[in-house]
Amino acid sequence: MGQEKRASTRYNVAVQMDVTHDGAMASGLTVNLSLGGALVRVPAEPPLRVGDRVEVSFRLPDLDKPLAAKAEVRWVDDGDGEIAGLQFVTGFRAKETWALGRFLERQSPL
C-alpha cells in the first residue's frame, strides 16, 4: 500500500467537536486533529458518508468563540460507522489558524 501524503501533521488530541449534517447536529470527540482536518468519533444520524459536506465547530483554550468550518467526509470506518475522517474545506481566519497551530504545538504528534 502506498504511503499517505498529508499536508498537515496530525496530533493525538481529544476535543469535543459538533458536526452538523443534513440539518442535524451531533456531538463527537476528535481522535486526532490537524490544521487540515480531523479524525472524529461522532454518532451522526443519518450516518456520515464519504463525500458528505458537514459543518464542524470546536473550542480551543486561546479563543473566546468556537472555531467553525465546513468539512468534507473523506472516509468512514467500515467496522465502526461513527469514526470518520474529515478534511476542512473552508479556511480559518488568521487568528483562528494561529490559535489552532499554537494549541497543536502543545500536543503529541502521531
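I started at Pro46, which sits in the loop between strand 4 (37-41) and strand 5. Helices (H or I, at least four residues) and strands (E, at least two) are DSSP runs, numbered from the N terminus. Glu45 and Pro46 are joined by a cis peptide bond, with omega about 5°.

I noted the ground rules. This is a predicted model, in which local features need pLDDT of at least 70 and side-chain atom pairs count only at pLDDT 80 or more, while totals for chains, interfaces and linings use all residues. Residues are numbered from 1 along each chain as its sequence is written, and side-chain values use heavy atoms, with hydrogens and water left out.

**Entry: Asp22**

Asp22 has phi near 55°, a positive value in a residue other than glycine. Most residues other than glycine have a negative phi, and most peptide bonds are trans. Asp22 belongs to the loop between strand 2 (16-21) and strand 3. Is Asp22 buried or exposed? Asp22 counts as exposed because its relative accessible area is 62%. The cut-offs: buried is under 20% relative accessible area, exposed is over 50%, and partly exposed is in between (1.4 Å probe, protein chains only).

**Entry: whole protein**

I counted 1 helix and 8 strands in the protein. Along the sequence the pattern reads β-β-β-β-β-β-β-α-β. I checked the radius of gyration next. A compact globule of 110 residues would have a value near 13 Å, and the protein has 13 Å, so the two agree. That radius is taken over C-alpha atoms, and the globule rule is 2.2 Å times the number of residues to the power 0.38. The C-alpha trace spans about 35 × 35 × 20 Å along its principal axes.

Of the 110 residues, 39% count as buried. The accessible surface comes to about 6700 Å², and carbon and sulfur atoms hold 48% of that surface. Areas come from the Shrake-Rupley method with a 1.4 Å probe; for residues, only the protein chains shown count as cover.

I also looked at contacts, meaning heavy atoms within 4.5 Å. Among contacts between residues at least 6 apart in sequence, 52% join residues at least 24 apart.

**Entry: strand 3**

I moved to strand 3 (residues 24-33), which holds Asn32. Val31 lies in strand 3 too. Val31 counts as partly exposed because its relative accessibility is 40%.

I listed partners, leaving out residues within four places in sequence. Asn32 contacts Arg10, Tyr11, Asn12, Val13, Ala38, Leu39 and Leu110. Val31 touches Tyr11, Asn12, Val13, Leu39, Val40 and Arg41.

Met25 is in strand 3 as well. With neighbours within four places set aside, Met25 contacts Asp18, Val19 and Thr20. Met25 and Ala44 are 19 residues apart along the chain, with their C-alpha atoms separated by 7.5 Å.

**Entry: Val56**

I found Val56 in strand 5. Val56 is buried because its relative accessible area is 3%. Beyond neighbours within four places, its contacts include Met17, Val19, Leu67, Ala71, Leu86 and Phe88. Ala71 is 15 residues from Val56 in sequence and 6.9 Å away, C-alpha to C-alpha. Val31 is 25 residues from Val56 along the chain, with 15 Å between the C-alpha atoms.

How far apart are the end C-alpha atoms of helix 1? They are 16 Å apart; at 1.5 Å a residue the 12 residues of helix 1 (residues 94-105) should span 16 Å, so the two agree. The expected span is 1.5 Å times one less than the number of residues.

I looked for the buried residues of helix 1 and found Glu96, Ala99, Leu100, Gly101, Phe103 and Leu104. An α-helix has 3.6 residues a turn, so residues three or four places apart point the same way. The cover over the buried residues of helix 1 includes strand 1 (11-12), strand 3, strand 5 (53-58) and strand 6 (67-76).

I ended on Thr90, in the loop between strand 7 (83-88) and helix 1. Thr90 counts as partly exposed because its relative accessibility is 30%. Apart from neighbours within four places, Thr90 contacts Ala69 and Lys70. Thr90 and Ser27 are 63 residues apart in sequence and 20 Å apart in space, C-alpha to C-alpha.
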